[in-house]
Amino acid sequence: MSFKNALVKPASTVIILKKIADSLKAKSSFNYEILFVKRASKSRFFPGFHVFPGGVVEESDADPALLTLLGSPPGTPQSKLRLDVDAVTDAKFASAAAAADGLGEHVFRGAAVREVFEESNVVLGVEPAQLNAVSSKQLKQWRFAVQKESSQLAEMLRSLRLSPRVSQLRPWAHWITPTAEKFRYNTMFYITMLQHEPDTLEDSTETTAFDWLSPAAALEACRERKIFLAPPTWYLVHDLMRYPDGDELIKHADRLRLGREITSVLPSFNRTDLDQHQPDAPDRQVVSVIALPGDALLDTSLPAQARHRIVITADNADTSASTWRYSLHRTDGGPTSKL
């Protein structure tokens with residue numbers, strides 16, 4: 001059954017990096033680590049999985065007063081993000097945030113700041129001197145208020161005299177959940193680098209733990225089933241393997257532009273012709289193929305041998321998501337992997 005006409009919710013996610021101490025660099029080829037939050041076991045979307053912090057865009061994220069506080073007042077040039085053709089936006093969101101030609105990208109940035117704060121207690125884009133003037137008790141109180149009512153973020157920034165600059169959130173990727181899924185999201189992924197490790201605090205409702213891991217360590221932990229990553233998270237972490245130096249990574253992100261270097265990814269789940277791929281162990285089976293742009297399964301105009309796909313295997317006795325392993329197959333010259 002297809003949920004092609006299901007509600008597709010706009011969402012924002014942030015890949016938060018922190019530089020690691022010189023004393024730790026000898027243990028890793030990466031000079032940065034990524035913040036992962038562990039979803040609560042009762043989450044409806046990949047419960048118990050490690051994800052980048054983020055969530056659904058709210059109507060209040062389009063408030064002009066909030067966008068002004070975030071350094072993106074009305075009239076600031078911005079890109080537009082489109083949903084796929086058959087998607088429909090949330091009716092309550094449309095009045096404030098949905099123009100006929102798509103959603104303003106600054107609204108996604110506002111949602112990113114709010115969602116990261118709600119899930120991790122981290123206020124992105126704020127100078128350390130400003131944060132040092134705020135007590136942990138004040139942040140805890142405001143976090144509760146924002147979780148209860150998202151529009152309180154603007155009031156918090158005014159009250160605490162915080163001036164986040166969303167320009168530090170660099171667009172990195174744009175994914176739309178496949179049409180086969182019941183819960184679908186139109187997600188903008190941003191990337192940002194912190195110069196110090198922030199004080200994270202789980203809320204025990206949406207998030208239950210935090211981990212700082214290098215790309216290599218995260219993929220290894222996933223392979224060993226110490227953590228679980230959803231396919232898009234795994235793919236994006238795998239992509240970061242190309243960038244061992246965080247400064248070079250951020251310089252690269254600064255050059256990316258939506259609609260050019262960053263294109264929308266609407267994957268397709270395929271459960272036919274699975275015998276084209278071999279399982280990674282005798283006690284495992286291929287359960288699905290996720291076709292990505294550049295794969296013949298997604299674009300029939302391409303040569304039949306064109307590959308850009310994630311192959312998913314699972315235990316023979318248990319094919320649930322917690323037993324999944326991924327391998328990336330591509331013929332366009334990009335990196336491949338089996339993890």
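This is a predicted model: local features need pLDDT of at least 70, side-chain atom pairs count only at pLDDT 80 or more; totals for chains, interfaces and linings use all residues.
Residues are numbered from 1 along each chain as its sequence is written, and side-chain values use heavy atoms, with hydrogens and water left out.

The protein chain contains 10 helices and 16 strands, where helices (H or I, at least four residues) and strands (E, at least two) are DSSP runs numbered from the N terminus. Of its 339 residues, 50% count as buried; here buried denotes under 20% relative accessible area, exposed over 50%, and partly exposed the range in between, with a 1.4 Å probe and protein chains only. The accessible surface of the chain comes to about 16100 Å², and carbon and sulfur atoms account for 50% of this area, as computed by the Shrake-Rupley method with a 1.4 Å probe, for residues with only the protein chains shown counting as cover. Among contacts (heavy atoms within 4.5 Å) between residues at least 6 apart in sequence, 66% join residues at least 24 apart.

In soluble globular proteins, nonpolar side chains tend to be buried together. The largest nonpolar core of the model holds 81 residues, of which Tyr 32, Trp 172, Trp 234, Leu 240 and Ile 310 touch the most other members; such a core is a set of buried Ala, Val, Leu, Ile, Met, Phe, Trp, Tyr and Cys residues joined through side-chain atoms within 4.5 Å. Helix α4 supplies the largest share of this core, with seven residues. Two of the core residues named above, Trp 234 and Leu 240, are also among the buried residues of helix α9. This helix spans residues 231-240 and is mostly covered, with nine of its 10 residues buried; the buried set includes Pro 231, Thr 233, His 238 and Asp 239.

Helix α4 (residues 105-120) also packs against helix α6 (residues 136-148), their axes coming within 9 Å and crossing at roughly 115 degrees. The axes are lines fitted to C-alpha atoms, for helices over the stretch in contact, and the angles run from 0 to 180 degrees between N-to-C directions. The crossing of α4 past α6 is left-handed, a term applied if the near helix is turned anticlockwise from the far one by less than a right angle, with right-handed used if clockwise. From α4, Arg 114, Phe 117, Glu 118, Glu 119 and Ser 120 take part, and they meet Leu 139, Trp 142, Arg 143, Val 146 and Gln 147 of α6. By class, this contact comprises four nonpolar, two polar and four charged residues, where Ala, Val, Leu, Ile, Met, Phe, Trp, Tyr, Cys and Pro count as nonpolar, Asp, Glu, Lys and Arg as charged, and the others, Gly among them, as polar.

Beyond its neighbours within four places in sequence, Met 156 is in contact with Phe 117, Trp 142 and Leu 162. Apart from neighbours within four places in sequence, the contacts of Leu 229 are Phe 36, Phe 49, His 50, Ala 218, Cys 222, Trp 234 and Tyr 326, and its C-alpha atom is separated by 9.8 Å from that of Phe 36, 193 residues apart along the chain.

Phe 45, placed in the loop between β2 (32-39) and β3 (50-51), counts as partly exposed at 24% relative accessibility. With neighbours within four places in sequence left aside, Phe 45 is in contact with Arg 39, Phe 183 and Tyr 185, and it lies 9.6 Å, C-alpha to C-alpha, from Ala 230, 185 residues apart in sequence.

Most residues other than glycine have a negative phi. Asn 121, in the loop between α4 and α5 (128-132), has a positive phi near 75 degrees and counts as buried at 12% relative accessibility. Arg 225, in the loop between α8 (215-223) and α9, has a positive phi near 65 degrees and is partly exposed, with a relative accessible area of 30%.
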